[in-house]
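User: I have a structure to go through with you. Please take my questions one at a time and keep the answers brief.

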Amino acid sequence: MSINQKRCFVMEAVRVRFAPSPTGYLHIGGARTALYDWLLARKTGGQFILRIEDTDRNRLVADAVQDIKESLRWLGLDWDEGPDAGGDAGPYFQSERLAIYQKYATQLVQAGKAYYCFCTPERLEEMRKKQEEAGQPSGYDRHCRELPAEEVERKLAAGDKYVIRFKVPLTGQTKVRDELRGEMVFDHQTLDDFVILKSDGFPTYHLASVVDDHLMGITHVIRGEEWIVSLPRHFLLYAAFGWNPPVFIHLPIFLAPDGKGKLSKRHGATGVREFREKGYLPEALVNFLLLLGWHPPTDQELFTLDQAVEAFSVDRLNTSPVNFSLDKLDWYNGIYIRKLSHEELAKRALPFLQKDGLLPDPCPPEQFAYLVRLMPLVQERIKLLSEISNAVGYFLREEIDPPAPELLVGKKGTAGEIADILGKVGAVLNQIDDFSEENLERVLRALAEELQLKPGQIFMPVRVAVTGQTATPGLFELLAALGKKKVLQRLWQAVTVLQGA
(Lines give C-alpha, C1' and ligand atoms only; values in the text may rest on other atoms or scores of the structure.)
Protein backbone atom coordinates (compact mmCIF):
# COMPACT_ATOMS: atom_id res chain seq x y z
CA MET A 1 0.00 0.00 0.00
CA SER A 2 1.29 3.48 -0.86
CA ILE A 3 1.87 5.69 2.17
CA ASN A 4 -0.33 8.28 0.49
CA GLN A 5 -3.20 5.91 -0.21
CA LYS A 6 -6.43 6.75 1.59
CA ARG A 7 -7.42 4.18 4.19
CA CYS A 8 -10.75 3.05 5.45
CA PHE A 9 -10.89 1.96 9.05
CA VAL A 10 -11.61 -1.78 9.22
CA MET A 11 -12.49 -3.51 12.47
CA GLU A 12 -9.89 -6.25 12.21
CA ALA A 13 -7.64 -7.43 15.03
CA VAL A 14 -5.21 -4.60 15.77
CA ARG A 15 -1.85 -4.35 17.47
CA VAL A 16 -1.62 -1.10 19.41
CA ARG A 17 0.99 0.18 21.79
CA PHE A 18 1.08 2.58 24.68
CA ALA A 19 4.61 3.96 24.79
CA PRO A 20 5.15 6.35 27.71
CA SER A 21 8.44 8.00 28.54
CA PRO A 22 9.40 7.45 32.22
CA THR A 23 10.41 11.09 32.65
CA GLY A 24 7.50 11.54 35.05
CA TYR A 25 4.47 9.82 36.50
CA LEU A 26 1.60 8.77 34.26
CA HIS A 27 -0.17 11.90 33.01
CA ILE A 28 -3.92 12.00 32.71
CA GLY A 29 -3.57 12.57 28.96
CA GLY A 30 -1.42 9.47 28.68
CA ALA A 31 -4.02 7.52 30.65
CA ARG A 32 -6.67 8.49 28.08
CA THR A 33 -4.40 7.35 25.25
CA ALA A 34 -3.80 4.05 27.01
CA LEU A 35 -7.55 3.63 27.58
CA TYR A 36 -8.37 4.15 23.90
CA ASP A 37 -5.53 1.79 22.89
CA TRP A 38 -6.84 -0.85 25.28
CA LEU A 39 -10.44 -0.45 24.14
CA LEU A 40 -9.51 -0.76 20.47
CA ALA A 41 -7.47 -3.88 21.16
CA ARG A 42 -10.22 -5.52 23.20
CA LYS A 43 -12.91 -4.45 20.72
CA THR A 44 -11.13 -6.12 17.81
CA GLY A 45 -9.65 -9.11 19.62
CA GLY A 46 -6.18 -7.66 19.09
CA GLN A 47 -3.17 -6.98 21.33
CA PHE A 48 -2.33 -4.06 23.62
CA ILE A 49 1.41 -3.59 24.08
CA LEU A 50 3.19 -1.58 26.75
CA ARG A 51 6.53 -0.19 25.58
CA ILE A 52 8.76 1.99 27.75
CA GLU A 53 10.50 4.73 25.75
CA ASP A 54 13.38 5.39 28.13
CA THR A 55 15.96 6.87 25.77
CA ASP A 56 15.92 10.37 27.30
CA ARG A 57 18.46 9.39 29.95
CA ASN A 58 18.89 12.86 31.42
CA ARG A 59 15.24 13.21 32.45
CA LEU A 60 14.44 9.73 33.78
CA VAL A 61 12.49 9.61 37.06
CA ALA A 62 13.59 6.69 39.21
CA ASP A 63 10.18 5.21 40.07
CA ALA A 64 8.28 6.39 37.00
CA VAL A 65 8.12 2.95 35.36
CA GLN A 66 6.66 1.45 38.51
CA ASP A 67 4.13 4.29 38.70
CA ILE A 68 3.10 3.80 35.07
CA LYS A 69 2.52 0.07 35.58
CA GLU A 70 0.68 0.52 38.88
CA SER A 71 -1.50 3.29 37.47
CA LEU A 72 -2.48 1.26 34.42
CA ARG A 73 -3.36 -1.72 36.60
CA TRP A 74 -5.34 0.50 38.97
CA LEU A 75 -7.36 1.74 35.99
CA GLY A 76 -8.02 -1.85 34.96
CA LEU A 77 -5.87 -1.71 31.80
CA ASP A 78 -3.85 -4.91 31.45
CA TRP A 79 -1.33 -5.36 28.65
CA ASP A 80 -0.75 -8.41 26.49
CA GLU A 81 2.95 -7.79 25.84
CA GLY A 82 5.50 -5.68 27.64
CA PRO A 83 7.19 -5.43 31.05
CA ASP A 84 5.99 -8.17 33.41
CA ALA A 85 4.08 -9.80 30.53
CA GLY A 86 6.80 -10.76 28.05
CA GLY A 87 6.14 -11.32 24.36
CA ASP A 88 7.87 -12.24 21.14
CA ALA A 89 8.53 -8.64 20.04
CA GLY A 90 10.67 -7.62 23.01
CA PRO A 91 12.64 -6.29 24.66
CA TYR A 92 10.04 -3.69 25.58
CA PHE A 93 12.42 -1.11 27.09
CA GLN A 94 13.98 1.01 24.34
CA SER A 95 17.22 1.28 26.35
CA GLU A 96 17.63 -2.47 25.76
CA ARG A 97 17.23 -2.10 21.98
CA LEU A 98 20.17 0.21 21.17
CA ALA A 99 21.89 -2.24 18.81
CA ILE A 100 18.68 -2.45 16.78
CA TYR A 101 18.45 1.33 16.32
CA GLN A 102 22.14 1.64 15.50
CA LYS A 103 21.75 -1.06 12.86
CA TYR A 104 18.87 0.72 11.15
CA ALA A 105 20.49 4.16 11.38
CA THR A 106 23.63 2.78 9.72
CA GLN A 107 21.47 1.11 7.09
CA LEU A 108 20.04 4.51 6.15
CA VAL A 109 23.54 6.00 5.92
CA GLN A 110 24.66 3.20 3.63
CA ALA A 111 21.60 3.75 1.45
CA GLY A 112 22.45 7.45 1.13
CA LYS A 113 19.33 8.49 3.06
CA ALA A 114 21.13 9.68 6.20
CA TYR A 115 24.58 11.01 6.99
CA TYR A 116 27.13 11.51 9.76
CA CYS A 117 27.15 15.00 11.23
CA PHE A 118 30.31 16.05 13.11
CA CYS A 119 29.20 19.58 14.03
CA THR A 120 30.18 20.48 17.58
CA PRO A 121 27.71 21.93 20.09
CA GLU A 122 29.63 25.21 19.84
CA ARG A 123 29.18 25.39 16.08
CA LEU A 124 25.49 24.58 16.34
CA GLU A 125 24.99 27.29 18.96
CA GLU A 126 26.80 29.85 16.78
CA MET A 127 24.64 28.79 13.82
CA ARG A 128 21.44 29.33 15.86
CA LYS A 129 22.58 32.79 16.97
CA LYS A 130 23.25 33.85 13.39
CA GLN A 131 19.84 32.56 12.27
CA GLU A 132 18.15 34.43 15.09
CA GLU A 133 20.01 37.67 14.31
CA ALA A 134 19.09 37.36 10.63
CA GLY A 135 15.45 36.63 11.45
CA GLN A 136 15.70 33.23 9.77
CA PRO A 137 13.85 30.07 10.85
CA SER A 138 15.95 27.92 13.16
CA GLY A 139 17.14 24.58 11.86
CA TYR A 140 20.26 22.69 10.91
CA ASP A 141 22.09 24.27 7.94
CA ARG A 142 23.12 20.89 6.44
CA HIS A 143 26.82 21.70 6.86
CA CYS A 144 27.81 18.01 6.91
CA ARG A 145 25.28 16.74 4.39
CA GLU A 146 27.67 16.52 1.45
CA LEU A 147 31.00 15.89 3.17
CA PRO A 148 33.34 13.89 0.93
CA ALA A 149 33.45 10.19 1.81
CA GLU A 150 37.20 10.41 2.50
CA GLU A 151 36.68 13.16 5.09
CA VAL A 152 33.90 11.20 6.76
CA GLU A 153 36.12 8.10 6.98
CA ARG A 154 39.00 10.18 8.38
CA LYS A 155 36.79 11.73 11.08
CA LEU A 156 35.32 8.35 12.03
CA ALA A 157 38.79 6.81 12.24
CA ALA A 158 39.96 9.70 14.43
CA GLY A 159 37.09 9.07 16.82
CA ASP A 160 35.36 12.40 16.20
CA LYS A 161 31.96 12.60 17.86
CA TYR A 162 29.00 12.49 15.53
CA VAL A 163 25.26 12.21 15.26
CA ILE A 164 23.37 10.68 12.36
CA ARG A 165 20.92 12.95 10.55
CA PHE A 166 18.18 12.01 8.11
CA LYS A 167 18.46 13.47 4.59
CA VAL A 168 15.18 15.29 4.09
CA PRO A 169 14.52 15.87 0.36
CA LEU A 170 15.34 19.46 -0.53
CA THR A 171 12.23 19.92 -2.64
CA GLY A 172 8.77 18.48 -2.90
CA GLN A 173 6.18 17.51 -0.34
CA THR A 174 5.23 14.64 1.92
CA LYS A 175 1.58 13.71 2.23
CA VAL A 176 0.53 12.18 5.51
CA ARG A 177 -2.78 10.92 6.81
CA ASP A 178 -4.45 11.09 10.18
CA GLU A 179 -7.49 8.83 10.54
CA LEU A 180 -9.54 11.62 12.11
CA ARG A 181 -8.34 14.63 10.10
CA GLY A 182 -7.68 13.13 6.70
CA GLU A 183 -4.75 14.00 4.46
CA MET A 184 -2.22 16.70 5.35
CA VAL A 185 0.62 18.01 3.20
CA PHE A 186 4.03 19.20 4.46
CA ASP A 187 6.59 21.03 2.31
CA HIS A 188 10.07 19.57 2.63
CA GLN A 189 11.48 23.09 2.75
CA THR A 190 9.89 23.49 6.21
CA LEU A 191 11.83 20.50 7.58
CA ASP A 192 15.47 20.36 8.55
CA ASP A 193 17.71 17.30 8.51
CA PHE A 194 16.68 15.93 11.89
CA VAL A 195 18.84 13.78 14.14
CA ILE A 196 17.93 10.08 14.27
CA LEU A 197 20.88 8.80 16.33
CA LYS A 198 22.54 10.87 19.05
CA SER A 199 26.25 10.99 19.84
CA ASP A 200 25.82 8.68 22.83
CA GLY A 201 24.40 5.92 20.62
CA PHE A 202 20.82 6.46 21.75
CA PRO A 203 18.13 7.06 19.14
CA THR A 204 15.84 10.04 18.97
CA TYR A 205 12.12 9.55 19.36
CA HIS A 206 11.61 9.66 15.59
CA LEU A 207 13.87 6.72 14.73
CA ALA A 208 13.06 4.58 17.77
CA SER A 209 9.31 5.01 17.39
CA VAL A 210 9.29 4.12 13.69
CA VAL A 211 11.62 1.15 14.02
CA ASP A 212 9.82 -0.27 17.03
CA ASP A 213 6.34 0.19 15.60
CA HIS A 214 7.42 -1.65 12.47
CA LEU A 215 9.25 -4.49 14.20
CA MET A 216 6.49 -4.93 16.77
CA GLY A 217 3.84 -5.12 14.05
CA ILE A 218 1.91 -2.09 15.30
CA THR A 219 -1.12 -1.49 13.08
CA HIS A 220 -2.56 1.63 14.76
CA VAL A 221 -0.82 4.45 16.61
CA ILE A 222 -2.98 6.50 18.98
CA ARG A 223 -1.28 9.56 20.49
CA GLY A 224 -1.84 13.22 21.33
CA GLU A 225 -2.25 15.80 18.59
CA GLU A 226 0.97 17.51 19.69
CA TRP A 227 2.73 14.72 17.74
CA ILE A 228 1.17 15.71 14.41
CA VAL A 229 4.22 17.89 13.72
CA SER A 230 6.33 14.71 13.81
CA LEU A 231 4.18 12.94 11.26
CA PRO A 232 6.08 14.07 8.10
CA ARG A 233 9.37 12.97 9.65
CA HIS A 234 7.92 9.58 10.50
CA PHE A 235 6.38 9.12 7.04
CA LEU A 236 9.72 10.03 5.46
CA LEU A 237 11.42 7.40 7.60
CA TYR A 238 8.85 4.76 6.68
CA ALA A 239 9.34 5.56 3.00
CA ALA A 240 13.15 5.45 3.37
CA PHE A 241 12.94 1.97 4.88
CA GLY A 242 10.33 0.82 2.38
CA TRP A 243 7.82 0.08 5.14
CA ASN A 244 4.09 0.78 5.24
CA PRO A 245 3.18 3.11 8.11
CA PRO A 246 0.48 2.20 10.61
CA VAL A 247 -2.82 4.05 10.87
CA PHE A 248 -2.29 7.25 12.88
CA ILE A 249 -4.95 8.66 15.20
CA HIS A 250 -4.13 11.92 16.99
CA LEU A 251 -6.31 12.78 19.98
CA PRO A 252 -7.44 16.32 20.89
CA ILE A 253 -5.76 18.21 23.71
CA PHE A 254 -7.26 18.80 27.15
CA LEU A 255 -8.24 22.37 27.91
CA ALA A 256 -7.98 23.79 31.43
CA PRO A 257 -11.16 23.63 33.58
CA ASP A 258 -11.84 27.31 32.78
CA GLY A 259 -11.49 26.60 29.06
CA LYS A 260 -8.53 28.98 28.78
CA GLY A 261 -5.44 27.28 27.44
CA LYS A 262 -4.05 23.78 27.69
CA LEU A 263 -4.39 21.79 30.92
CA SER A 264 -1.22 22.09 33.03
CA LYS A 265 -0.02 21.56 36.58
CA ARG A 266 -1.02 25.06 37.56
CA HIS A 267 -4.64 23.93 37.22
CA GLY A 268 -4.22 21.20 39.85
CA ALA A 269 -3.74 17.46 39.58
CA THR A 270 -2.60 16.18 36.17
CA GLY A 271 -1.22 12.76 37.09
CA VAL A 272 -3.13 9.53 37.68
CA ARG A 273 -1.34 9.09 41.00
CA GLU A 274 -2.58 12.50 42.17
CA PHE A 275 -6.18 11.66 41.31
CA ARG A 276 -5.84 8.34 43.11
CA GLU A 277 -4.43 10.04 46.20
CA LYS A 278 -7.26 12.57 46.15
CA GLY A 279 -9.74 9.74 46.47
CA TYR A 280 -11.10 9.26 42.97
CA LEU A 281 -12.27 5.76 42.06
CA PRO A 282 -10.68 4.14 39.00
CA GLU A 283 -14.15 3.41 37.60
CA ALA A 284 -15.03 7.11 37.75
CA LEU A 285 -11.75 8.28 36.23
CA VAL A 286 -12.01 5.75 33.39
CA ASN A 287 -15.61 6.77 32.66
CA PHE A 288 -14.61 10.45 32.71
CA LEU A 289 -11.63 9.92 30.39
CA LEU A 290 -13.67 7.77 28.03
CA LEU A 291 -15.91 10.73 27.19
CA LEU A 292 -13.07 13.25 26.87
CA GLY A 293 -12.57 12.91 23.14
CA TRP A 294 -15.08 10.16 22.30
CA HIS A 295 -18.86 10.41 22.09
CA PRO A 296 -21.14 7.38 22.32
CA PRO A 297 -23.89 6.65 19.82
CA THR A 298 -26.53 7.21 22.54
CA ASP A 299 -26.92 9.58 25.49
CA GLN A 300 -25.49 6.98 27.86
CA GLU A 301 -23.09 8.54 30.40
CA LEU A 302 -22.14 5.64 32.69
CA PHE A 303 -19.95 2.90 31.25
CA THR A 304 -18.24 -0.10 32.76
CA LEU A 305 -15.10 -1.17 30.93
CA ASP A 306 -17.00 -4.03 29.31
CA GLN A 307 -19.70 -1.63 28.12
CA ALA A 308 -17.06 0.76 26.82
CA VAL A 309 -15.45 -2.03 24.80
CA GLU A 310 -18.81 -2.86 23.27
CA ALA A 311 -19.60 0.75 22.34
CA PHE A 312 -16.14 2.05 21.36
CA SER A 313 -15.28 2.92 17.77
CA VAL A 314 -12.60 5.14 16.28
CA ASP A 315 -15.04 6.98 14.01
CA ARG A 316 -16.67 8.57 17.09
CA LEU A 317 -13.46 10.20 18.28
CA ASN A 318 -13.39 14.00 18.24
CA THR A 319 -10.74 16.40 16.98
CA SER A 320 -11.85 19.51 18.89
CA PRO A 321 -10.09 20.35 22.19
CA VAL A 322 -12.03 19.08 25.20
CA ASN A 323 -12.65 20.86 28.48
CA PHE A 324 -11.25 19.05 31.51
CA SER A 325 -14.10 19.67 33.96
CA LEU A 326 -13.31 18.66 37.53
CA ASP A 327 -16.96 19.25 38.44
CA LYS A 328 -17.94 16.53 35.99
CA LEU A 329 -15.27 14.20 37.37
CA ASP A 330 -16.52 14.83 40.92
CA TRP A 331 -20.04 14.03 39.74
CA TYR A 332 -18.88 10.72 38.28
CA ASN A 333 -16.98 9.90 41.45
CA GLY A 334 -20.01 10.56 43.62
CA ILE A 335 -22.12 8.31 41.39
CA TYR A 336 -19.64 5.45 41.59
CA ILE A 337 -19.16 5.82 45.35
CA ARG A 338 -22.90 5.45 45.81
CA LYS A 339 -22.92 2.33 43.62
CA LEU A 340 -20.47 0.49 45.90
CA SER A 341 -21.63 -1.99 48.52
CA HIS A 342 -21.05 -0.86 52.10
CA GLU A 343 -18.27 -3.40 52.54
CA GLU A 344 -16.56 -2.45 49.29
CA LEU A 345 -16.74 1.26 50.15
CA ALA A 346 -15.19 0.49 53.53
CA LYS A 347 -12.35 -1.39 51.78
CA ARG A 348 -11.70 1.54 49.44
CA ALA A 349 -11.86 4.07 52.29
CA LEU A 350 -9.70 2.11 54.73
CA PRO A 351 -6.28 3.21 53.35
CA PHE A 352 -7.25 6.88 53.69
CA LEU A 353 -8.30 6.35 57.32
CA GLN A 354 -5.10 4.44 58.05
CA LYS A 355 -3.03 7.21 56.47
CA ASP A 356 -4.73 9.74 58.76
CA GLY A 357 -4.13 7.56 61.82
CA LEU A 358 -7.82 6.85 62.48
CA LEU A 359 -7.53 3.08 62.04
CA PRO A 360 -4.55 0.75 62.50
CA ASP A 361 -2.80 -1.14 59.73
CA PRO A 362 -3.64 -3.98 59.65
CA CYS A 363 -7.20 -3.23 60.71
CA PRO A 364 -8.69 -5.71 63.23
CA PRO A 365 -11.88 -7.42 61.99
CA GLU A 366 -14.08 -5.87 64.67
CA GLN A 367 -12.94 -2.35 63.76
CA PHE A 368 -13.47 -3.02 60.07
CA ALA A 369 -16.96 -4.34 60.82
CA TYR A 370 -17.68 -1.07 62.67
CA LEU A 371 -16.40 0.88 59.65
CA VAL A 372 -18.78 -1.06 57.38
CA ARG A 373 -21.61 -0.08 59.76
CA LEU A 374 -20.71 3.59 59.29
CA MET A 375 -20.77 3.54 55.49
CA PRO A 376 -24.57 3.97 55.07
CA LEU A 377 -24.32 7.15 57.14
CA VAL A 378 -21.83 8.85 54.84
CA GLN A 379 -22.12 7.17 51.43
CA GLU A 380 -24.50 9.83 50.09
CA ARG A 381 -22.43 12.67 51.51
CA ILE A 382 -18.92 12.17 50.12
CA LYS A 383 -17.66 12.75 46.59
CA LEU A 384 -14.05 11.73 47.24
CA LEU A 385 -12.58 8.93 49.33
CA SER A 386 -10.23 11.51 50.80
CA GLU A 387 -13.26 13.10 52.50
CA ILE A 388 -13.83 9.97 54.55
CA SER A 389 -11.69 11.01 57.54
CA ASN A 390 -13.67 14.19 58.02
CA ALA A 391 -16.93 12.29 57.48
CA VAL A 392 -16.34 9.50 60.02
CA GLY A 393 -13.45 10.78 62.12
CA TYR A 394 -15.66 11.67 65.09
CA PHE A 395 -16.96 8.09 65.12
CA LEU A 396 -13.48 6.58 65.25
CA ARG A 397 -11.82 8.94 67.72
CA GLU A 398 -12.29 8.26 71.40
CA GLU A 399 -12.36 12.00 72.02
CA ILE A 400 -12.96 15.08 69.89
CA ASP A 401 -11.81 18.63 70.44
CA PRO A 402 -14.43 20.55 72.44
CA PRO A 403 -16.68 22.55 70.08
CA ALA A 404 -16.43 26.35 70.43
CA PRO A 405 -19.22 27.87 72.59
CA GLU A 406 -20.50 29.99 69.71
CA LEU A 407 -20.86 26.87 67.53
CA LEU A 408 -22.86 25.14 70.26
CA VAL A 409 -25.09 28.13 70.94
CA GLY A 410 -25.78 29.00 67.30
CA LYS A 411 -27.83 32.07 66.40
CA LYS A 412 -30.41 31.71 69.16
CA GLY A 413 -30.23 31.13 72.89
CA THR A 414 -27.47 31.66 75.42
CA ALA A 415 -24.63 29.51 76.67
CA GLY A 416 -26.56 28.89 79.89
CA GLU A 417 -29.72 27.82 78.05
CA ILE A 418 -27.85 25.39 75.75
CA ALA A 419 -25.87 23.99 78.67
CA ASP A 420 -29.14 23.32 80.47
CA ILE A 421 -30.63 21.57 77.41
CA LEU A 422 -27.56 19.39 76.88
CA GLY A 423 -27.48 18.52 80.56
CA LYS A 424 -31.10 17.33 80.42
CA VAL A 425 -30.43 15.35 77.23
CA GLY A 426 -27.49 13.65 78.93
CA ALA A 427 -29.58 12.82 81.99
CA VAL A 428 -32.32 11.27 79.86
CA LEU A 429 -29.93 9.26 77.69
CA ASN A 430 -28.05 8.02 80.74
CA GLN A 431 -31.26 6.34 81.90
CA ILE A 432 -31.91 4.26 78.76
CA ASP A 433 -30.36 0.94 77.75
CA ASP A 434 -31.90 0.73 74.28
CA PHE A 435 -29.61 2.96 72.21
CA SER A 436 -31.28 2.15 68.89
CA GLU A 437 -32.19 4.81 66.35
CA GLU A 438 -35.91 4.33 66.92
CA ASN A 439 -35.70 4.60 70.71
CA LEU A 440 -33.35 7.57 70.60
CA GLU A 441 -35.74 9.45 68.33
CA ARG A 442 -38.71 8.63 70.59
CA VAL A 443 -36.87 9.75 73.74
CA LEU A 444 -35.49 13.01 72.34
CA ARG A 445 -38.74 14.06 70.69
CA ALA A 446 -40.53 13.39 73.96
CA LEU A 447 -37.98 15.53 75.80
CA ALA A 448 -38.48 18.40 73.34
CA GLU A 449 -42.22 18.23 73.92
CA GLU A 450 -41.71 18.13 77.69
CA LEU A 451 -39.44 21.20 77.55
CA GLN A 452 -41.83 22.92 75.15
CA LEU A 453 -39.06 23.33 72.58
CA LYS A 454 -38.96 22.76 68.86
CA PRO A 455 -37.05 19.52 68.06
CA GLY A 456 -34.36 21.50 66.26
CA GLN A 457 -33.60 23.47 69.41
CA ILE A 458 -32.43 20.22 70.96
CA PHE A 459 -31.16 18.33 67.94
CA MET A 460 -28.66 20.92 66.62
CA PRO A 461 -26.71 21.51 69.88
CA VAL A 462 -26.64 17.74 70.48
CA ARG A 463 -25.30 17.21 66.95
CA VAL A 464 -22.55 19.78 67.45
CA ALA A 465 -21.71 18.51 70.93
CA VAL A 466 -21.12 14.89 69.85
CA THR A 467 -19.49 15.53 66.43
CA GLY A 468 -18.04 19.05 66.49
CA GLN A 469 -19.83 19.66 63.17
CA THR A 470 -23.09 21.21 62.06
CA ALA A 471 -23.53 19.07 58.93
CA THR A 472 -23.68 15.35 59.65
CA PRO A 473 -25.72 12.26 58.88
CA GLY A 474 -29.10 11.88 60.57
CA LEU A 475 -28.87 12.59 64.31
CA PHE A 476 -30.40 9.36 65.56
CA GLU A 477 -28.34 7.19 63.23
CA LEU A 478 -25.11 8.85 64.30
CA LEU A 479 -25.98 8.70 68.03
CA ALA A 480 -26.69 4.99 67.71
CA ALA A 481 -23.44 4.44 65.82
CA LEU A 482 -21.40 6.47 68.33
CA GLY A 483 -22.78 4.48 71.24
CA LYS A 484 -23.89 5.53 74.67
CA LYS A 485 -20.46 5.96 76.25
CA LYS A 486 -19.08 8.39 73.65
CA VAL A 487 -22.33 10.33 73.42
CA LEU A 488 -22.52 10.95 77.16
CA GLN A 489 -18.83 11.86 77.42
CA ARG A 490 -19.15 14.44 74.66
CA LEU A 491 -22.39 15.90 76.04
CA TRP A 492 -20.77 16.48 79.46
CA GLN A 493 -17.69 17.94 77.74
CA ALA A 494 -19.89 20.43 75.85
CA VAL A 495 -21.74 21.37 79.04
CA THR A 496 -18.39 22.11 80.69
CA VAL A 497 -17.35 24.31 77.77
CA LEU A 498 -20.59 26.27 77.90
CA GLN A 499 -20.47 26.72 81.68
CA GLY A 500 -17.03 28.26 81.31
CA ALA A 501 -18.07 30.58 78.51
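User: Where is Arg142 found?

Analyst: This is a predicted model, in which local features need pLDDT of at least 70, side-chain atom pairs count only at pLDDT 80 or more, and totals for chains, interfaces and linings use all residues. Residues are numbered from 1 along each chain as its sequence is written, and side-chain values use heavy atoms, with hydrogens and water left out. Helices (H or I, at least four residues) and strands (E, at least two) are DSSP runs, numbered from the N terminus. On that numbering, Arg142 sits in the loop between α4 (121–133) and α5 (149–157).

User: Is Arg142 buried, partly exposed or exposed?

Analyst: Buried means under 20% relative accessible area, exposed over 50%, and partly exposed in between (1.4 Å probe, protein chains only). Arg142 has 24% relative accessibility, so the class is partly exposed.

User: What is phi of Asp84?

Analyst: Most residues other than glycine have a negative phi. Asp84, in the loop between α2 and α3, has a positive one. Asp84 counts as exposed because its relative accessibility is 58%. Its phi is near 75°.

User: Which residue does a cis peptide bond join to Gly90?

Analyst: Most peptide bonds are trans. Here omega is about 0°. Gly90 is joined to Pro91.

User: What is omega for the peptide bond from Asp361 to Pro362?

Analyst: Pro362 is in the loop between α12 (342–355) and α13. The bond from Asp361 is cis, with omega near 5°.

User: Is α13 parallel, perpendicular or oblique to α14?

Analyst: Axes are lines fitted to C-alpha atoms, for helices over the stretch in contact, and angles run from 0 to 180 degrees between N-to-C directions. Helix α13 (residues 365–378) and helix α14 (residues 388–396) pack at about 125°, with axes 11 Å apart. Angles under 35 degrees count as roughly parallel, over 145 as roughly antiparallel, 65 to 115 as roughly perpendicular and the rest as oblique. So α13 is oblique to α14.

User: How many nonpolar residues are in the contact of α13 with α14?

Analyst: Contact means heavy atoms within 4.5 Å. Tyr370, Leu374, Met375, Leu377 and Val378 of α13 meet Ile388, Ala391, Val392, Phe395 and Leu396 of α14. Ala, Val, Leu, Ile, Met, Phe, Trp, Tyr, Cys and Pro count as nonpolar, Asp, Glu, Lys and Arg as charged, and the others, Gly among them, as polar. The contact has no polar and no charged residues, and the nonpolar count is 10.

User: How many charged residues are in the contact of α3 with α6?

Analyst: Helix α3 (residues 98–110) and helix α6 (residues 205–215) pack at about 105°, with axes 10 Å apart, which means that α3 is roughly perpendicular to α6. The contact is made by Ile100, Tyr101, Tyr104 and Ala105 of α3 and Leu207, Ala208, Val211, Asp212 and Leu215 of α6. Eight of these residues are nonpolar and none polar, and the charged count is one.

User: Which residue is the bridge partner of Tyr115 in β4?

Analyst: Two strands pair if DSSP finds at least two bridges between them. β3 and strand β4 (residues 163–166) pair in the antiparallel sense over four bridges. In β4, the partner of Tyr115 is Arg165.

User: What is the relative accessible area of Val487?

Analyst: Val487 is in helix α20 (residues 484–499). Leaving out residues up to four places away in sequence, Val487 touches Leu429, Phe435, Val466, Leu479 and Leu482. Val487 is buried, with a relative accessible area of 0%.
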